[in-house]
Every structure is written in C-alpha cells, then in structure tokens.
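Have a look at the structure first, and then we can go through them together.

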Amino acid sequence: MPVSHSLSNGFHGTSKVLIMERPLAHFAWSLIFCLMAGMSLADPCQAAHAPFGIRMTDRATGRGIPLVELTSTTHEKWFTDSAGWVVIDQPDLMGRELHLTIESPGYLAPKDGFGITGQRVKVESGKQVTISLERQQLAERLYRTTGHGIFRAARRLEIPDLPQEPAAAASIAGCDSVLVTRYRNQLHWFWGDTPSLEYPLGNFHMTGATTPLPAEIPPLDQQPPFYHYFVKPDGAVKPMMPMPGDGPTWMGGLLTIRDTTSQERMVAGYSKIKNGLESYRWGLAVWNDTQNQFEPLCEFPAGKSFYPISQNHVLQTTTEPGNDRYLYFCQPFPLVRVLKSWEAIQAIDRYESYSCEAAHSTEEAPALDRDAKGHLKYEWKRGFKPLTSARLQQWIKLGLLKEQESLIALTDRSTGKPIEVHYGSTTWNPYCKQYITIFSQLHGEKSKDRTASMLGNVWLTAAPSLTGPWSKATLLATHGHYSFYNPLQHPEFSEQEGRMIYFEGTFTRSFSGLTQSVPLYEYNQLMYRVDLDRIKAE
C-alpha cells in the first residue's frame, strides 16, 4: 500500500529577496500584522487555526485503534497514532466536507451504497469526530511500544492524561525484535537494530531498558511500558552488546541463571552478522552490573551454528515433572534444551534437540530413527540439528516421514490449509492448561478477510506437552502486505489467570516488496491483546 506524510500548505521564504513587488509586500505586511496581533488568520491570514481531529475506535472496546489509514480523494494520507487519533490542519480543507477511505488490517470500515469503504466528515477548526470500526481479527491492536511520536496526534489535540514517551529523549526512531527477562527485581528489555532520529545507522549492537515488575506498573491494556533506556552521556542509546568482530550484533536466548556461587546472572547468546543476514561468529555474553552492558562469556567453535542464540526465546518455567531442570529454547517451539546450570549453558555439546533423526543421518542423505515395528522414535538427543517445520516437510516430500507422524503439521483450523511456520515464542498458559505458541506465518495466502503477506499473519497453536504435537492453528492478526515478525508473548503481564494474554512483534516493510513505509510505525514494535475465551468460542 503506498504511503506518504500529509503536508500542510505553507509559504517558504528565501534569504536573498532584494526587491518586493507592492502587492506581495502588502500581503507580507498583512501576514506579519496578523501574527503579531494574534488574530484568527482568515483570508489572507489563513494559516493559523485549531486542528481538526478524527479518532478511530474499536466498536467492541471503545479504545482508539492504531495504524488506521485514512485517504482523501486527492490521495493525501493520514495514519492514526497509538491513541487512535489523526490531525487534519490544512487551511484549504477547513470548512469542507471530505471523503476518507478507511483501511486497517483486521478491522472493517463502513461502506456506502456504492460499496466504497470509508466515511464523509466535515473538517472544522477545533472540532473532533469519532468513527468506530468493527474488529474482525481476534487480536486487539493496542499501541506502538517503541519509536518516536507514539501519541503525536493526540498531543497535538491536547488530549489529557497521555503517557510519557521515553524514546523521544533517547532519539529512537525504530527498534527491531524484542527480548525480555526478569533480573534483579526488574524487567530488562532488549531490542535489535535501532535507527536514531539523527541517522539511520544508529545502534546495531542491541538497545536496552528496564521497567519495574508488572505488579508495580499499570497493566498493559492501559498504557505502554515506560522504558528507562540505558544511554550514553550525550543521551543517545548505549550499545548493550559490543561483541568482538565486524558487523552488527544480534542477540537471542536471553535468560537468568545462578552461577557457581549462586549469584543471579543475566546471560544471552550473540551472533555477529555480515552480508545482511549471515552469522559468522557465535557465543554467550553475561551482563556486567557495573558497566550496564554485556561482555563476552564464552565463544563457540567457528562454523558450528549455535541454534539457541538466533532470535530465540527462552522458556524457563514448565509444569511437567523433571522438566524444570532444563532451559528450553523456542523458535517457535521448545525443541532445544540444556540443563539449567552455569557449566552446561557454556558447553555447546550439552545442548539437546528433540528429534527423530538417526545417528547416521546427514544433510545430503537424511535418515530417521524407527523401532523394530517401524514406529518413529522421537527422543532428546545431543549433536542433532533441531527440528523445524521446514525440515519435517522436507522429509515428508522425500518419503521418509508420513504426515500423521510429523511433530509439526500445522493447518488453518477453519480451512484446513497448511501453514508454513516462521519464528515466534511458546509459554505455559494456566488458563488453558496448555503450552501456547504464537508465531508468524511464512508465505501467507490471500483470502477473503486478509491480504497475502510474506510475513504479516500471526497465528496461535496449543499443545498439552512441551514436545507437541502441534496441528491446528488459529489466526490472530493480519498486517496487509506488511511484515510482522518475531512475535514475543508476555506471560508476566497476562491477566485473569492467563485468559487475557499479550504479545508484540516487529512491524516493517522489510521482506514485503513494498517501496514506501508507514510513517512512524516503520521498524517498530506493536503490542496486541488476546482474549482466549474468544478463541474457545470460535
């Protein structure tokens, strides 16, 4: 979808005007007089007026809807902020009726008798109107959590009681995928590549912040977390993980653990990146409480891919007997584990994958492990690559595996169509008494209620066990042609014993084929809320 900023009409002066014609001079002095007198700038002083506000709300909740696109018949565009507001302040539109096409993935706008989606409004100085949309998707879009100008339109309209925006002080323009863990009685948050307001190449060695624990701050449905960013003396964000080697640093597998002296430590995996997406160096880093920064803990052998650090999320709490001794790494399913010990996490050969691959299997000639009766044997094994949906599908195509034997064979609950899994996260949900996985879909299909998207559809699936199986999935949210990847659940913020859950992920045109970005939202995090009772009712 083409996007652009809407620009107010105005006069742009020049520093080298030597002669002014009499009519132009008369107009200029009139303009100056009006400005000095504080008069209402009607013709010819028509630039000053109170802005006109439109708020888009969710019909079911009354909350403002972020990321609603309004387009005039002259193809000017506005996007609602995180409180659901847009501002229209063009002088030539004041007092006129304006038809606005209304679009927002997952939400249904009203149509007129000709089937045109949108609504006509009268643009009046200082006035405000509200338009309600029907939410069709299960996930409710709450707000943007990162970047600049989260409530820009609402502030312009002087809407009261708006949350503060810490990213403004840190000059943050965007933040890639988020990780979070509880450490030293605070939540520690970390994000990937972070462009700044001053320059696109801002911080590419992880950005970090803290917040109080969930019990000490407002619930997520009320306002975004107020991040206390780690910054340098000049106020810019401080690189959290400046690991040795050229190129950006990516981080995953964030966790807390006790060391050999029983001291709580915060540890994460890192990889160094070259050629855009290629990892060439891996290891673990540990948090330095004095420097407020990660430092190297150990490095893993070159050329040996270390799966848990590649944008993985860690499941530290389980409900199955004996499994609490392990840390589980999810991407999106918890099929890699290691003993929860300081020594074990630093030994790559002690990580285990839940697999059915035979000992003699190779990438060129894969083989599966079966018992004497031909039954597939899934076991925790060391030295094996982790199972993924893509690998299992490859074995099915080769005839090594039957569909019904696959641990991951996800289909759309409503249509039965197969779903190709990308990244996500898994948590235990006490309300459903199941493990819930929220993931983004790779190569989403176009249907009557959503647009085909490379990475924009978000799904939920559940299993009674850590090791699945996973079969049926429910669509939670769509994002049009845009991408939305690496969704992270926030079980620490869930409400009503897990009935109301939250997740967020990266909204970006990357990998979408689009050439224009949604202003302010591009390359930032969007927060969603899901009522699991609505899924039960589906």
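## Salt bridges and a helix

Arg63, Glu140, Asp221 and Arg529 are joined in a network of salt bridges (a side-chain nitrogen of Lys or Arg within 4 Å of a carboxyl oxygen of Asp or Glu). This is a predicted model, so local features need pLDDT of at least 70 and side-chain atom pairs count only at pLDDT 80 or more, while totals for chains, interfaces and linings use all residues. Residues are numbered from 1 along each chain as its sequence is written, and side-chain values use heavy atoms, with hydrogens and water left out.

The whole structure holds 23 salt bridges, including these:

| Salt bridge | Closest N and O atoms |
|---|---|
| Glu140 and Arg63 | 3.7 Å |
| Glu165 and Arg155 | 3.0 Å |
| Glu264 and Arg184 | 3.8 Å |

Glu140 and Arg63 are both buried (under 20% relative accessible area; exposed is over 50% and partly exposed in between, with a 1.4 Å probe and protein chains only). At 37% relative accessibility, Arg155 counts as partly exposed, and Arg184, at 35%, also counts as partly exposed.

Now to helix α5, residues 389-397, whose buried residues are Ser389, Arg391, Leu392, Trp395 and Ile396. Helices (H or I, at least four residues) and strands (E, at least two) are DSSP runs, numbered from the N terminus. After α5 comes Gly399, with a positive phi near 85 degrees.
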